[in-house]
Amino acid sequence: MDSVSFLKDMYGKFGCSAPNLHCVLGSGLSDALEKAKLSDQWSEIGEIAFKEIPNFSSATVEGHPGKYRIFKNKKGFVVSLQLGRLHGYEGLEPAKVAQSVTQICAAGTKKFLLTNAAGGLNKNYHPGSLMIIDDHINFTGRNPLVGPNPKDSKGKALGPRFPDLSAVYDKKTSALLEKVLQKSFDVHHGTYVGVLGPSFETPAEVKLFSSWGMGAVGMSTVWEAIALKHRGAEVTGLSFISNYGCGLVDSSALDHNDVLNQGKQSAEKLINSLFSFFEELI
Ligand code: HPA
């Protein structure tokens with residue numbers, strides 16, 4: 001069985017069809033979901049571990065469980081939350097990294113929210129604040145669409161060979177997301193710079209991105225967004241600012257654990273805000 005048939009089969013077993021929305025939880029948010037107390041509007045109806053999925057099981061997820069958890073609202077709205085994502089810095093091909101979302105799209109979901117932890121590139125974007133992704137710069141030098149244009153099982157191309165990226169991130173859904181998040185967070189807007197990692201940026205790189213007017217930098221999201229847009233899906237993006245970009249406000253060294261810890265402090269609050277946002281979509 002292929003990964004898409006497997007997912008459809010699982011949705012059937014959970015008593016739902018393809019989720020109305022798929023949300024990728026960035027670093028720190030996955031753990032918070034385990035602890036968050038959700039409103040009684042929502043119940044969990046199933047879970048799919050990455051390692052169960054055919055043709056996907058070899059994917060590794062550094063430091064994350066790697067699974068989808070499916071929640072249903074009393075009104076029947078179904079949301080799939082992705083805990084753990086794949087990264088290019090693990091040595092995976094861009095299309096493989098994007099597969100955690102493209103297989104969900106192929107199984108029928110057409111609305112996506114991609115979240116991440118990122119370094120702020122603007123002194124006003126303080127750690128703990130959020131940035132709605134208006135646009136991105138793919139600074140990885142790689143692209144998930146390199147190679148033959150992906151086709152469906154009937155041989156039909158899933159999207160154009162040269163897809164338009166003039167509006168990757170959906171304005172209407174972003175505005176709705178902002179409205180909800182503003183109740184609990186400082187929310188900014190900006191351009192996300194996607195880098196390959198795993199090294200953090202040098203102060204010179206942060207200075208360059210910042211002087212270009214970019215909002216945040218991180219090691220994910222851009223390949224997923226490109227691959228989804230190619231397939232005609234609706235994409236919204238959100239960065240949790242976990243730290244200032246290296247050298248932006250002082251010369252101290254960046255530590256991955258500090259980045260994760262900053263996330264933890266606000267992560268539960270953010271999970272609850274995200275569920276409030278899902279309710280707005282119904
Ligand atoms: N740079 C790149 N990726 C990141 C950062 C950063 O400063 N913070 C969290 N992810």
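Colleague: What should I know about the model before reading it?
Modeller: It is predicted: local features need pLDDT of at least 70, side-chain atom pairs count only at pLDDT 80 or more, and totals for chains, interfaces and linings use all residues. Residues are numbered from 1 along each chain as its sequence is written, and side-chain values use heavy atoms, with hydrogens and water left out.

Colleague: Which residues surround the ligand?
Modeller: The shell consists of A117, A118, G119, F200, E201, V217, G218, M219, S242, N243, L254 and V259, where a residue is near if one of its heavy atoms lies within 4 Å.

Colleague: Which strands each supply at least two residues of that shell?
Modeller: They are β5 (111-120), β8 (216-218) and β9 (234-244); strands (E, at least two residues) and helices (H or I, at least four) are DSSP runs, numbered from the N terminus. The largest share, three residues, comes from β5.

Colleague: Which polar side-chain atoms lie 2.7 Å from a ligand nitrogen?
Modeller: One belongs to E201 and one to N243. A polar contact here is a pair of N or O atoms within 3.5 Å.

Colleague: How is the shell around the ligand divided by class?
Modeller: It has seven nonpolar, four polar and one charged residues. Ala, Val, Leu, Ile, Met, Phe, Trp, Tyr, Cys and Pro count as nonpolar, Asp, Glu, Lys and Arg as charged, and the others, Gly among them, as polar.

Colleague: Turning to the helices, at what angle do α1 and α3 pack?
Modeller: Helix α1 (residues 3-14) and helix α3 (residues 94-106) pack at about 65°, with their axes 9 Å apart. Axes are lines fitted to C-alpha atoms over the stretch in contact, and angles run from 0 to 180 degrees between N-to-C directions.

Colleague: Which residues make the contact?
Modeller: S3, V4, L7, K8 and Y11 of α1 meet Q99, Q103, I104 and A106 of α3, contact meaning heavy atoms within 4.5 Å.

Colleague: Where is the cis peptide bond?
Modeller: It joins G197 and P198, with omega about 0°. P198 is in the loop between β7 (187-194) and α5 (203-211).

Colleague: And what is the phi of N55?
Modeller: N55 has a positive phi of about 60°, although it is not a glycine. N55 lies in the loop between β2 (42-49) and β3 (67-73).

Key:
A polar contact is a pair of N or O atoms within 3.5 Å; within protein, one must be able to donate a hydrogen and the other to accept it, and residues adjacent in sequence count only if both atoms are side-chain atoms.
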